[in-house]
Amino acid sequence: MDFPFDINQLFSERISILDQNLSASRRSMERPDLQVQISAVIDELGRASAKAQQLAAPVTSASKLQSQNHQLYLLKDRESGGGRGSAVGFLKVGYKKLFLLDQHGVHVEAEPLCVLDFYIAENLQRHGYGLELFSFMLQHKNVEPVLMAYDRPSKKFLAFLAKHYCLVQSVPQVNNFVVFEGFFLNRSAVH
Ligand code: ACO
């Protein structure tokens with residue numbers, strides 16, 4: 001995804017971690033013009049993700065990121081975009097207090113790390129970029145995919161989880177979150 005400004009200037013790393021401060025570096029925090037551009041990138045990616053998932057409205061935008069305690073991992077490609085770089089996709093995660101049903105239908109309260117939004121640009125899907133982002137996040141958060149919850153996962157994302165992490169058997173829930181068998185093992189939970 002190309003932008004009329006220098007993506008490499010905004011995001012120095014291949015994968016940047018953005019939070020409420022919307023900053024990829026101390027420099028961008030101190031430069032309102034760069035903050036505007038970072039917001040434009042997040043908004044555009046959020047819109048594209050919503051469109052890809054046929055959602056009525058984006059679940060990711062710069063203003064939402066500023067008001068919620070979530071983390072957004074943004075993957076760029078340094079070489080494309082005529083040397084200015086381009087945005088490849090993003091993964092947004094955050095902790096949520098959830099009321100879940102275990103395998104026996106017993107209510108369990110938990111606060112797992114959740115995947116809230118995930119998008120790779122259309123023409124770049126199925127090239128391994130999603131896996132690169134996801135595995136980076138797992139390392140950064142030091143978490144296993146089976147211990148995470150997934151907010152309204154799309155068919156493509158379910159196929160992704162099955163292929164890369166052998167997550168196939170979900171435990172039925174009454175909300176939009178999906179958790180897989182193994183989620184409730186070794187979990188200290190409040191019943
Ligand atoms: N149809 C079926 N499975 C797909 C598709 C597709 N069009 N695209 C990706 N996958 C799955 C498959 O398992 C695929 O393996 P395969 O090609 O051998 O069948 C695997 O993902 C490929 O892995 P990556 O290349 O690492 O994944 P990718 O870079 O495509 O990223 C993602 C996966 C983020 C789901 C991407 O396809 C995408 O952006 N899709 C559209 C938006 C979307 O559905 N996002 C998830 C929203 S749900 C949520 O965020 C909680």
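Reply: Start with a definition: a residue is buried when its relative accessible area is under 20%, and exposed when it is over 50%. Keep in mind that this is a predicted model.

Me: Is F118 buried or exposed?

Reply: The relative accessibility of F118 is 18%. The limit for buried residues is under 20%. F118 therefore counts as buried.

Me: What kind of aromatic pair do F118 and F134 form?

Reply: The structure holds 13 aromatic pairs. In the pair of F118 and F134, the ring centres are 6.0 Å apart and the planes meet at 40°. Planes under 30 degrees apart count as stacked and those over 60 as edge-to-face, with the rest called tilted. The pair of F118 and F134 is therefore tilted.

Me: How many residues apart in sequence are the parts that F118 and F134 tie together?

Reply: F118 belongs to strand β6, which covers residues 113–120. F134 belongs to helix α5, residues 129–141. The pair therefore ties together parts whose separation in sequence is 16 residues.

Me: What is the relative accessible area of F134, and what kind of pair does F134 form with F157?

Reply: F134 is buried, and its relative accessible area is 0%. With F157, F134 forms an aromatic pair with 6.2 Å from centre to centre and 65° between the planes. That pair is edge-to-face.

Me: Which helices hold F134 and F157, and how many residues apart in sequence are the parts they tie together?

Reply: F134 lies in helix α5, and F157 lies in helix α6, residues 155–165. F157 has 9% relative accessibility and counts as buried. The pair of F134 and F157 therefore ties together parts separated in sequence by 23 residues.

Me: Which element supplies the largest share of the lining of the largest pocket?

Reply: The largest pocket has a volume of about 770 Å³. Its lining has 28 residues, and those closest to its centre are F118, Q125, K156, F157 and F160. At least two lining residues come from each of α3, β6, α5 and α6. The largest share, seven residues, comes from α6.

Me: How many nonpolar, polar and charged residues are in the lining of the largest pocket?

Reply: The count is made by residue class. It gives 13 nonpolar, eight polar and seven charged residues.

Me: Which residues lie nearest the centre of the second largest pocket?

Reply: The second largest pocket holds about 230 Å³ of space. Its lining has four nonpolar, four polar and five charged residues. Of its 13 lining residues, the ones nearest the centre are V59, K96, L116, D151 and R152.

Me: What radius of gyration does the chain have?

Reply: The chain has six helices and nine strands, and buried residues make up 44% of its 191 residues. For a compact globule with 191 residues, the radius of gyration would be near 16 Å. The chain agrees with this, because its own value is 17 Å.

Me: Is C166 buried or exposed?

Reply: C166 is in the loop between α6 and β8. Its relative accessibility is 65%, and the limit for exposed residues is over 50%. C166 therefore counts as exposed.

How values were computed: Residues numbered from 1 in each chain as written. Predicted model: local features only at pLDDT ≥ 70, side-chain atom pairs only at ≥ 80, totals over all residues. Heavy atoms only, no water. Phe/Tyr/Trp six-rings, centres within 6.5 Å; stacked < 30°, edge-to-face > 60°. Helix = DSSP H or I, 4+ residues; strand = E, 2+ residues; numbered from the N terminus. Buried < 20%, exposed > 50% of the residue type's maximum accessible area, 1.4 Å probe, protein only. 1 Å grid on protein atoms, 1.4 Å probe; cavity = no way out; pocket = protein on both sides within 12 Å on 5 of 7 lines; lining within 4 Å. Points joined across faces, edges and corners; volume = space filled by probe spheres on them. Nonpolar A, V, L, I, M, F, W, Y, C, P; charged D, E, K, R; others polar. Rg over C-alpha atoms; globule rule 2.2 N^0.38 Å.
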